[in-house]
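Open the model in your viewer and keep the selection tool ready. We will go from stop to stop.

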Amino acid sequence: MLPYPLLTLSLIIMWMLLNGFTLGHFVLGAVVAVFASWSMASLRPDKPKLRKWHLLPKLFGIVLYDIVRSNLAVASVILKGRPEGHTSGFLAVPLEMEDRTALAFLAIILTSTPGSAWLEYDSGDRTVLLHVLDVIDEDQWIEMIKSRYEKLLMEIFE
Amino acid sequence: MMHSAADIPLWAAVVVAFFLLVGASLTLIGAIGFLRLPTFYERIHAPTLGTSWGIGGIMLASMIFFSIASSRPVLHEILIGIFVTVTTPVTFMLLARAALHRDRAERNGNVPEKQGSSEEAEPDSVPSA
């Protein structure tokens, strides 16, 4: 009956955030959410599998902390210029994960972290091309992405 | 019941002002960077300041202010934050790939070749970063 329970739940919460937490809006929101998730089902997207959802708060914690840190770092690069020996450059990162949802999450994380931008992903050789604003050691960056985000995302989604 | 801005307690005013200033300053710095950084690929980093903690700070300030001023939790701003975060990568990738395509076609600068493409590079060659 409900092909995407998480989507339905999020739509109900969104409806109630916009219209108020009352019983009437819960019923109305539930009707809208159920019909919306049926129409989503007719598009037949890949159903994301959350294997270890209890790791999600840990991921959000790490990402929030990194976003604060890189906000300050990029602000200082813009205001004071790059320190000696630092450059900006392209970075090709080979990824092991193939799950679409996990890749989408990684794209969101890397884009919303200032200082790194996701340019393109090649599903043929599973490499993502990034542009990094402030880089000292390229291997260290690749290692950071793989150990900090990719490992956790693979545990959650694959 | 809705209070006016002058009626909210001092501690709340301080917290709201803090988040509002942090968000606004980061967005401003992002805009300055957008103007000043030399290359396209460096410039696309600057607005992400506004779309991460820029929007985050202003969102938090708005949530705190309206929750206290109207004496009930007002949380719907979080949706703005979620949708901005989720949709930014789409436009970013579009812009970045358009720029990559143009630079590769015109052979501008030191843009890496297309990864694993059969026409331009050997399939097993490692793209230089």
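This is a predicted model: local features need pLDDT of at least 70, side-chain atom pairs count only at pLDDT 80 or more; totals for chains, interfaces and linings use all residues.

Residues are numbered from 1 along each chain as its sequence is written, chains are lettered from A and ligands numbered from 1 in written order, and side-chain values use heavy atoms, without hydrogens and water.

**Stop 1: the largest pocket**

Select A:F60, A:F105, A:I108, B:I82 and B:V86. The volume here is about 2300 Å³, and of 46 lining residues these five are the closest to the pocket's centre. A pocket is an open set of points on a 1 Å grid over the protein atoms alone, where a 1.4 Å probe fits, with protein on both sides within 12 Å along at least five of seven lines; lining residues have an atom within 4 Å of a point. A volume is the space filled by probe spheres set on the points, joined across faces, edges and corners.

Now colour helix 1 (5–19) of chain A. Helix 1 gives the largest share of this lining, 9 residues. Helices (H or I, at least four residues) and strands (E, at least two) are DSSP runs numbered from the N terminus.

**Stop 2: the second largest pocket**

Move to A:R69, A:S70, A:D134, A:W141 and A:M144, which lie nearest its centre. About 510 Å³ of space lies here. Helix 3 of chain A brings the largest share of the lining, 6 residues.

**Stop 3: A:D134**

Zoom in on A:D134, in strand 3 (residues 127–135) of chain A. Is A:D134 buried or partly exposed? A:D134 counts as partly exposed because its relative accessibility is 25%; buried means under 20%, exposed over 50%, partly exposed in between (1.4 Å probe, protein chains only).
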